[in-house]
Amino acid sequence: MKSKLIWSLLLVLCFGVIQAQELDEIISKHIEARGGAENWAKVNNMKITGRFTAFSVEEDWMAIKTNKGQYYSELHLGKHAVIEAFDGEHGWTIDPWHEISFPRILSKDEDNVFQQKSSLMTPFLDYKEKGLVAKLIGKQDLEGVEVYTIKLTRPSGKYETWYIDANTYLEYRRDSYWVDFTYPTPAESYFEDFREINGLVIPYYEEKMFSQRNRVLLIEDILFNIELDEELFEMAKSSEMEALSFMKGSWDVEVQGWSGRANKWYPMDATTSTIKYAANNMLEEKIRYKTDFVMPIVSQYSYHAGSGKYRVCVYNDFSGETEMFIGQISDSTFTADNTKMIYGGMQDPQAFGKVTITPEDSDHFNVLIENSFDKGENWNPGNKLIYTRKSN
């Protein structure tokens, strides 16, 4: 009885070893059929252009892939222009199909899609080093094509099934999970028209079917190792917040006060300030300066799409109070005040504030702080802050 059990275990182990050897051989031949690991190791990035059909509309398509797993694409989904980007782990998109004009973060299901899109070759190149697990399912006839079937599982637990042509060792089909308007859905991808370029073999035709969708990509040109700006993959700002990006940086700040009696500005303090994006579409400034007393101020700038206005949340750590200002940009000058705000359900306070920010050039901007005691009918200067960008 024991001897039978031992022989059964040995047979299982031997089968596992043979299958692993066969899998390694298939993947090795697949990589060689695509140009070989040595040639692919020379590729830092690829810029691919072509034509893409979605919702029965054919438009120009462009994508950039890197050997770090980064991805950037400009395309059309039907009538809408779409931008997609992925840094190797997480991504973002500007997709007007969702009636959202600003960049949004991708979901985990969408990130899985971009893991698939971002492969320079196929995921089998250095798959073990990337933490992927491959399992040979077997050999079969698929739509008249003899293929090896391989299940590939990613570190996230998401898996896909690849069908490798048993004669050419090129990919024939992939079954995976895609997304349809952010919802996960099974997809079939077919690869054809393989061409050699720079010693690499690449499919110039890809067709994908999922839900009731059909997508067709026809590649026209590929450029290798182009000069690339890494900021391309960083999440874009909304156009409204991009308009305030001149404020970003480290600054030397001269603080002045207004003398109504002398009718002039006079120096009060010299300090520093750092303004940065605390969130993708929110600028934050932390500054401390002296007027009559030391004023530690935290200001946050954002844009409220529903009202079409900017909002500035100003926290004064001297008084422990928060004020909300509503603003807009006109002729590059940003103006915000709190005359439209009501506090605690009571009447508007007697004193209101207004902030005017005027860019001078790329290294200078000014902030004017004014007060009103007649609900904004007239404004009186209070302080002026003069910003000069710190030299590196």
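On a 1 Å grid over the protein atoms alone, a cavity is a set of points where a 1.4 Å probe fits but cannot get out, and lining residues have an atom within 4 Å of a point. The model is predicted: local features need pLDDT of at least 70 and side-chain atom pairs count only at pLDDT 80 or more, whereas totals for chains, interfaces and linings use all residues. Residues are numbered from 1 along each chain as its sequence is written, and side-chain values use heavy atoms, with hydrogens and water left out.

**Largest cavity**

- Two or more lining residues come from each of β1 (45-54), β2 (57-66), β3 (71-77), β4 (80-86), α3, β10 (171-180), β12 (200-210) and β13 (213-224); helices (H or I, at least four residues) and strands (E, at least two) are DSSP runs, numbered from the N terminus.
- The greatest contribution to the lining of the largest cavity is made by β12, with eight residues.
- The lining of the largest cavity contains 29 nonpolar, seven polar and 14 charged residues; Ala, Val, Leu, Ile, Met, Phe, Trp, Tyr, Cys and Pro count as nonpolar, Asp, Glu, Lys and Arg as charged, and the others, Gly among them, as polar.

**Pockets**

- The largest pocket holds about 870 Å³ of space, a pocket being an open set of points with protein on both sides within 12 Å along at least five of seven lines.
- Of the 35 residues lining the largest pocket, Tyr289, Ile297, Val314, Asn316 and Ile369 lie nearest its centre.
- At least two residues of the lining of the largest pocket are supplied by each of β16 (282-290), β17 (294-304), β18 (309-316), β19 (321-330), β21 (352-361), β22 (364-372) and β23 (380-389).
- The lining of the largest pocket divides into 20 nonpolar, nine polar and six charged residues.
- The second largest pocket has a volume of about 630 Å³, and of its 30 lining residues, Gly69, Gln115, Ser118, Lys130 and Arg154 are the closest to its centre.
- Two or more residues of the second largest pocket's lining come from α2 (37-40) and from α3 (108-117), with α3 giving the most, four residues.
- In the second largest pocket, the lining has 11 nonpolar, 11 polar and eight charged residues.

- Leu125 belongs to the loop between α3 and β7 (133-142) and is buried, at a relative accessible area of 11% (buried means under 20%, exposed over 50% and partly exposed in between, with a 1.4 Å probe and protein chains only).
- Beyond its neighbours within four places in sequence, Leu125 is in contact with Ile31, Ala37, Trp40 and Lys130 (heavy atoms within 4.5 Å).
- Arg34 is 91 residues from Leu125 along the chain, and the C-alpha atoms of the two are separated by 9.9 Å.

**Aromatic and charge-over-ring arrangements**

- The whole structure has 19 aromatic pairs; rings of Phe, Tyr and Trp (its six-membered ring) pair if their centres lie within 6.5 Å, and planes under 30 degrees apart count as stacked, over 60 as edge-to-face and the rest as tilted.
- Trp251 and Tyr387 form an edge-to-face pair, 6.2 Å centre to centre with 80° between the planes.
- This pair links strand β14 (residues 249-259), which holds Trp251, to strand β23, which holds Tyr387, across 136 residues, and both Trp251 and Tyr387 are buried.
- Tyr310 and Phe334 are also edge-to-face, at 5.4 Å centre to centre and 85° between the planes; Tyr310 is in strand β18 and Phe334 in strand β20 (residues 333-337), 24 residues apart.
- Tyr310 is buried, with 6% relative accessible area, and Phe334 is buried at 1%.
- One aromatic cluster is formed by Phe124, Tyr127, Trp162 and Phe191.
- Lys117 lies over the face of Phe114, 4.7 Å from the ring centre (NZ of Lys or CZ of Arg within 6 Å of the ring centre and within 35 degrees of the ring normal).
- The charged end of Lys151 sits over the ring of Tyr159, 4.6 Å from its centre.

**Positive phi angles**

- Ser332, although not a glycine, has a positive phi of about 70°; Ser332 lies in the loop between β19 and β20 and is partly exposed at 45% relative accessibility.
- Lys375 has a positive phi near 60°; Lys375 is in the loop between β22 and β23 and is exposed, with a relative accessible area of 54%.

Definitions and conventions: Points joined across faces, edges and corners; volume = space filled by probe spheres on them.
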